[in-house]
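Please open the model in your viewer and keep the sequence panel beside it.

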Amino acid sequence: MQWRYTPKPYNTMLYEFLKRGTFILTSVLLLLFAGSCDSPAPGSTEPPGEVVTGTIHGTLPHGGLQREYILYVPESYTGEEAVPLLLNFHGYTSNAHGQMGYGDFRPLADRDGFIVAHPMGSLLEDNTHWNVGGWTLESTTDDVDFTDKLITAIGRQYSIDSERIYSTGMSNGGYMSFLLACQLSGRIAAVASVTGSMTPQTHEACNPQHPTPVMQIHGTTDEVVPYDGDTWTRGIDAVLQYWVDQNRCTAQAVQRDLSDVSTTDGSTVSHILYGDCDNSVVVEHYKVVGGGHTWPGSGAEYPDTNYDVDASGEIWRFFSEYDINGRRKSGG
């Protein structure tokens, strides 16, 4: 019998927000974060060699569906040198445009010259999702292959550094990033999850091909993806321990408490670092004590958001230190 997600009584209000309120948030984000006008997507009829920058809405045929995605290409991109690609996956019931604003990397892309892809999930019982196991067991969508094909399609139009492709995401998007680290590790250099985790199915079938830098950002009072886990999701400590073991990290964890910069957000942050791993990678954890199911530092200012740490800034800082071979000799 396949397991299906049913919210617990104390979780109902947050779950209903995810099913209905997300669309309100998305509508606001469409106004706040829309940015530039649509531009032709990779695979379009643009003349060969023409550089297209800005916000680019595209589709990719896959599995009998027209899969959607949004690229953000900084104006500084010229095509003269290969640049990093960051995949930014939205959460369950959300969408690519909402994630582009909620977990925003565009100012960082402008500053440091990388491309951001925001893939769009397919529908499962009228809800957008990524097929990661757990509550999505009934899905037949191959999102790993879709991501693989999407990376290839982007690489046909843009000069992408194949050793510097990263994945992050919110909630279901964090689960998807871990799935890619397990099943598409030949293309993914590092991953970061915000309020996500690993399902038992992802955990049990995980087979990374190289030491993988991992960052986990999670609130201890997250009632949507519980910090201590459940039958359908691994606890955060178990996820961290898996990657510590997988990367053969030998140093004792080092913890430091961040300054409580925002004294009104109801939470504080501890940074936990596991080092001395193969290929000089590390496993990092931002433990948001008292934090809920939100993206720390988000400009959307959703209630219970922590503002002692900027999740997008820390994720890019982390990614920029690594390529698929491990720690880079020079920063990025």
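Is cysteine 206 buried or exposed? With a relative accessibility of 14%, cysteine 206 counts as buried, since buried means under 20% relative accessible area, exposed over 50% and partly exposed in between, with a 1.4 Å probe and protein chains only. This is a predicted model, in which local features need pLDDT of at least 70 and side-chain atom pairs count only at pLDDT 80 or more, while totals for chains, interfaces and linings use all residues. Residues are numbered from 1 along each chain as its sequence is written, and side-chain values use heavy atoms, with hydrogens and water left out.

**The whole chain**

Show the protein chain as a cartoon, and you will find 8 helices and 14 strands; helices (H or I, at least four residues) and strands (E, at least two) are DSSP runs, numbered from the N terminus. Of the 332 residues in the protein chain, 58% are buried.

**The disulfides**

Select the cysteines next: there are 2 disulfides, a disulfide being a pair of cysteine sulfur atoms within 2.5 Å. One of them joins cysteine 182 to cysteine 206, with an S to S distance of 2.0 Å. This pair links distant parts of the chain, 24 residues apart, with cysteine 182 in helix H5 and cysteine 206 in the loop between helix H6 (200–204) and strand E9 (214–219). The link of cysteine 182 and cysteine 206 is left-handed, with -85° about the S-S bond.

Move on to cysteine 249 and cysteine 277, which a disulfide joins at an S to S distance of 1.9 Å. The torsion about their S-S bond is about 105°, so this disulfide is right-handed. Cysteine 249 counts as buried at 13% relative accessibility, and cysteine 277 is buried too, with a relative accessible area of 9%.

**Helix H5**

H5 is mostly covered, with 11 of its 12 residues buried, including Tyr175, Met176 and Phe178.

**Strand E4 and its partners**

Now select strand E4 (residues 115–119), where 5 of the 5 residues are buried, so E4 is largely enclosed by the rest of the structure. Ile115, Ala117 and Pro119 point one way from E4, whereas Val116 and His118 point the other way. Strand E2 (residues 65–73) pairs with E4 in the antiparallel sense over 4 bridges, and strand E3 (residues 83–89) pairs with E4 in the parallel sense over 3 bridges; two strands pair if DSSP finds at least two bridges between them. Centre the view on alanine 117 in E4, which is the bridge partner of leucine 71 and also has leucine 87 opposite.

**Threonine 136**

Next, find threonine 136 in the loop between strand E6 (127–129) and helix H4 (143–157), where threonine 136 counts as buried at 0% relative accessibility. A polar atom of its side chain lies 2.7 Å from the backbone oxygen of glycine 133.

**Helix H8**

Finish at helix H8 (residues 311–319), which is largely enclosed by the rest of the structure because 7 of its 9 residues are buried, among them Trp316, Phe318 and Phe319. Aspartate 310 caps the N-terminal end of H8, with a side-chain oxygen 3.3 Å from the backbone nitrogen of serine 312.

Terms used. Polar contact = N/O pair within 3.5 Å; in protein donor to acceptor, adjacent residues only side chain to side chain.
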